[in-house]
Amino acid sequence: MGNLEGKVAFITGAARGQGRAHAVRLAADGANIIALDICHDIDSIDYPQATPDDLQETVKLVEDQGRRIIARQADVRDADAVEQAVTEGVGEFGCLDIVIANAGVVRLSADDNARQTFRDIIDVNLIGAWNTVQAATPALIDGGRGGSIVVTSSSAGLKGTGTDRAGGQAYTASKRGLVGLMQVWANELAQYSIRVNTVHPTGVATGMVMNETMAKLFEAGDTAVSAMENALPVQILMPEDIANAVAFLVSDEAKFITGSRGRSMPASRCDREQI
């Protein structure tokens, strides 16, 4: 869309997957990037997280678009660290216009410490998004020119699937909770011309989905992964598919869209009536 010249986007979970795709796409459209990622594993999560090298690759890809980027390793569960990243980025670029609260984790397999798994997923997905928006909102308001916040929810944020495992329960609860937060923020921030929307992908070809543990669940036909199935004949989405939808939502072409559960994917099989 190419209409983000002079704007700055803050993106969490930016080292790989959807976060990297958002950073590269928005940079291609003219934005400078503040990128944040944990870049180390979480004990309760059963697949590897991004690495510092992954984050540096995002830096390179953004710079290849001719844009500037500040990249920081930080955990979205650490509100002070998130706030520091925003402060440094705004100090460098002078403003903030776009926030993509994208960082998230899932565990759908069984585990021996259900309480810790449930808490970690809620803390990263829900509290982490709250920390992100809380840290970024003052800069958006102070800029005086409005802005756009996009929160990465999931098809699980629109419907639940049956599972007795804490990880799947926490994932659905956190992603549904993000919809409620989005609607509250949309109502509150509209007075400042700041728009807030969610996107709800199904399965996307990222490290969260493309790993050995998830492959075993798919092969077994596990009900916990049914939310990732699509109504259209598409086996899995690419990160760039979601980035295209996000690029629209943060652009002036969507300047009157707020409080929306944006569709960035083919409808999941159990939720086609939502379309």
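A residue is called buried here when its relative accessible area is under 20%, exposed when that value is over 50%, and partly exposed in between (1.4 Å probe, protein chains only). The structure is a predicted model, so local features need pLDDT of at least 70 and side-chain atom pairs count only at pLDDT 80 or more, while totals for chains, interfaces and linings use all residues. Residues are numbered from 1 along each chain as its sequence is written, and side-chain values use heavy atoms, with hydrogens and water left out.

Helices (H or I, at least four residues) and strands (E, at least two) are DSSP runs, numbered from the N terminus. Six of the six residues of β6 are buried. In a regular strand, side chains alternate between the two faces of the sheet. In β6, I194, V196 and T198 sit on one side and R195, N197 and V199 on the other, and both faces are covered. The strand β6 pairs with β5 in the parallel sense over six bridges (two strands pair if DSSP finds at least two bridges between them). Within this pairing, G147 stands opposite I194. To get from β5 to β6 the chain passes through α5, and this β-α-β crossover is right-handed; that is, with the strands pointing away from the viewer, the path from the first strand over the helix to the second runs clockwise. In the loop between α5 and β6 comes S193, a residue other than glycine with a positive phi, near 60°. S193 is exposed, at 53% relative accessible area.

Beyond its neighbours within four places in sequence, T152 is in contact (heavy atoms within 4.5 Å) with Q18, A101, N102, K175, L178 and V199. With N102 there is also a polar contact between the two side chains, at 3.2 Å. A polar contact is a pair of N or O atoms within 3.5 Å; within protein, one must be able to donate a hydrogen and the other to accept it, and residues adjacent in sequence count only if both atoms are side-chain atoms.

Next come the nonpolar cores, meaning sets of buried Ala, Val, Leu, Ile, Met, Phe, Trp, Tyr and Cys residues joined through side-chain atoms within 4.5 Å. The largest has 47 residues, and F10, L36, L96, V99, V105, I149 and V196 are those with the most contacts inside it. Elements giving two or more residues to this core include β1 (8–12), β2 (32–37) and α3 (79–93), but the largest share, nine residues, comes from α4. Apart from this core lies another one, of 29 residues, among them A35, V62, I98 and V150. Helix α4 also holds N131, which is buried at 7% relative accessible area.

Helix α7 (239–250) passes a simple length check. Its 12 residues should span 16 Å at 1.5 Å a residue, and the end C-alpha atoms are 17 Å apart, which agrees; the expected span is 1.5 Å times one less than the number of residues. Among the buried residues of α7 are P239, I242 and L249, and what covers the buried ones includes α1 (17–28), β4, β5 and β6. In the loop between α7 and β7 (261–262) lies E253, exposed at 55% relative accessibility. E253 and N3 are 250 residues apart in sequence but 9.3 Å apart in space, C-alpha to C-alpha.
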